Amino acid sequence: MNGEKVLVVGGGAGGLLVSNLLVGDGREVTLVTNNPEHYFQPANLFIAFKGESPESYKRSVESLLDPKVRLILDKLSKLDLGNRTALTERGKRLEYDYVIVAAGARMDYNSLPGMKENFEMFGDYYSSPEAAVKVWNTVSRMKNGKLIIGVPDLIIKCPPAPHKGVFLAAEFFKKEKRDVTVELLYPSPHIYTEAELAKTIESKMKSFSNIEYRTSFLIDSVDKDRKVVIGMNGEEIKYDALVLIPFHKGPEIDVNPAEARDDDGFIKVDKRKLNITSYDDAFAIGDCNNAPTSKTGVAAHLGAFVVWKRINGRNAEYSGRTNCPLITDDEAIFVISDYDHKPVGQRFSRLKRLMEDLFVAMYFPSLRYPRKFEPIFDVYFNATEPNILGEKGW
Ligand SMILES: Cc1cc2nc3c(=O)[nH]c(=O)nc-3n(C[C@H](O)[C@H](O)[C@H](O)COP(=O)(O)OP(=O)(O)OC[C@H]3O[C@@H](n4cnc5c(N)ncnc54)[C@H](O)[C@@H]3O)c2cc1C
């Protein structure tokens with residue numbers, strides 16, 4: 001078979017799916033990943049604000065892979081696109097016919113003064129399940145005062161996740177009858193980047209007496225000794241606990257040519273075909289690429305299917321489709337968009353929240369057996385197309 005040797009980099013959502021799909025065609029697939037475990041990142045919220053155990057949301061990469069995939073547990077350090085070769089940190093040289101980079105986004109704590117120290121003190125629910133446990137250790141002990149969730153930058157995974165954190169934290173404090181206010185510091189003029197959806201979210205936030213928010217708040221720095229967040233306009237806001245969403249950057253891989261990456265290290269791709277600019281044998285899917293859409297698991301999932309089909313000679317394209325449920329304890333809305341449609345305003349509903357629970361239950365098996373789950377996802381994605389969801393308003 002032509003294009004037999006496939007190298008996949010990164011054993012997260014996108015990398016596992018595309019490896020399992022391509023090996024099923026009889027290709028020789030090698031997956032290089034630097035973490036022997038894969039964890040379901042949205043569950044960091046349940047760990048941080050409900051005290052759930054990280055172990056329930058982790059699986060070994062090996063258990064999620066078709067045994068025919070060759071697994072190398074190592075960091076990929078160099079990728080030479082012109083010569084179709086790659087080098088791991090431990091010195092293994094790999095050759096390929098196709099490469100698919102699915103190495104996710106790297107968290108950066110150094111672009112804002114005080115962020116690193118704050119991360120060490122309070123953790124966050126973006127970096128890892130362990131960092132989310134740190135958040136829970138603080139939240140579960142707070143009896144009164146203010147918990148701030150601060151968003152310094154908008155290029156982040158699952159853009160509504162800061163809001164989810166606010167709702168889940170506020171519900172926890174309300175149920176526990178604790179006198180804690182949760183405040184969201186948000187950089188855009190509305191409480192969500194899209195004005196229509198912002199109205200829905202704002203009215204929900206207003207229904208909570210323990211939620212506050214500030215828009216157009218650009219975080220300049222954090223002073224951990226005085227426990228204040230300082231805005232670019234000099235305004236200071238006091239906190240008792242602070243969770244900052246880290247900056248996101250492209251993965252730590254030395255790619256040749258260097259122009260294949262943008263200034264933040266994200267890999268430049270054709271936004272629909274997902275091939276790395278100027279290469280037709282190299283692709284980047286999920287959080288590590290620079291496609292102008294939200295960094296979501298759905299983008300990684302759909303990207304894996306597009307690349308699988310393209311390598312098999314089909315003319316599949318990625319529509320820019322994303323889907324992040326914005327959940328409270330018992331309700332949700334879907335934040336759904338694609339390159340041609342902005343997220344639509346909708347009602348919060350219990351049915352949408354239930355669909356999130358169903359998705360959580362399906363997550364790991366759907367990575368291991370993507371072909372079996374494809375019809376289910378097709379129905380779901382079709383039913384929640386941005387134009388359909390907007391029109392029917394369900
Ligand atoms: C709190 C939170 C809530 C979220 N909620 C949602 C949601 O509701 N819906 C949604 O669709 N998405 C959501 N997301 C986003 C979603 O989890 C990510 O977009 C998705 O996991 C990205 O998948 P990926 O395969 O691109 O990267 P990842 O799953 O991050 O995988 C990247 C893998 O590459 C490995 N790696 C990195 N560098 C190297 C290297 N040099 N060599 C080898 N291996 C490497 C990493 O260890 C990792 O295993 C959420 C994220 C968070 C944090």
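Visitor: At what angle do H1 and H7 pack, and how far apart are their axes?
Guide: In this predicted model, helix H1 (residues 13-23) and helix H7 (residues 297-311) pack at an angle of about 25°, and their axes are 8 Å apart. That angle makes H1 roughly parallel to H7.

Visitor: Is the crossing right-handed or left-handed?
Guide: The crossing of H1 and H7 is right-handed.

Visitor: Which residues meet there?
Guide: H1 contributes Ala13, Gly14, Leu17, Val18, Leu21 and Leu22. On the side of H7, the residues are Gly297, Ala300, His301, Gly303, Ala304, Val307, Trp308 and Ile311.

Visitor: And by class, what does that contact have?
Guide: The contact of H1 with H7 has 10 nonpolar residues, four polar residues and no charged residues.

Visitor: Why is H1 described as largely enclosed?
Guide: H1 is largely enclosed by the rest of the structure because 11 of its 11 residues are buried. They are Ala13, Gly14, Gly15, Leu16, Leu17, Val18, Ser19, Asn20, Leu21, Leu22 and Val23.

Visitor: How many residues of H7 are buried?
Guide: Of the 15 residues in H7, 12 are buried, and the helix is mostly covered. Among the buried residues are His301, Leu302, Val306 and Trp308.

Visitor: What covers them?
Guide: The cover over the buried residues of H7 includes H1, strand S9 (98-101), strand S20 (282-284) and strand S21 (322-327).

Visitor: How far does H7 reach from its first C-alpha to its last?
Guide: H7 has 15 residues and reaches 21 Å between those two atoms, close to the 21 Å expected at 1.5 Å a residue.

Visitor: Changing topic, where does Leu185 lie?
Guide: Leu185 lies in strand S12, which covers residues 179-185.

Visitor: Why does Leu185 count as buried?
Guide: Leu185 counts as buried because it has 25 C-beta neighbours inside 10 Å; the cut-off for a buried residue is 20 or more.

Visitor: Which residues does Leu185 touch?
Guide: Leaving out residues up to four places away in sequence, Leu185 touches Ile148, Gly150, Val151, Arg214, Phe217, Ile219 and Val229.

Visitor: How far apart are Leu185 and Val360?
Guide: Leu185 and Val360 are 175 residues apart in sequence. In space, they are 28 Å apart, C-alpha to C-alpha.

Definitions and conventions. Residues numbered from 1 in each chain as written. Predicted model: local features only at pLDDT ≥ 70, side-chain atom pairs only at ≥ 80, totals over all residues. Axes fitted to C-alpha atoms, helices over the stretch in contact; angles between N-to-C directions. Helix = DSSP H or I, 4+ residues; strand = E, 2+ residues; numbered from the N terminus. Parallel < 35°, antiparallel > 145°, perpendicular 65-115°, else oblique. Left-handed = near helix turned anticlockwise from the far one by under 90°. Contact = placed C-beta atoms within 7 Å. Nonpolar A, V, L, I, M, F, W, Y, C, P; charged D, E, K, R; others polar. Expected span 1.5 Å × (residues − 1).
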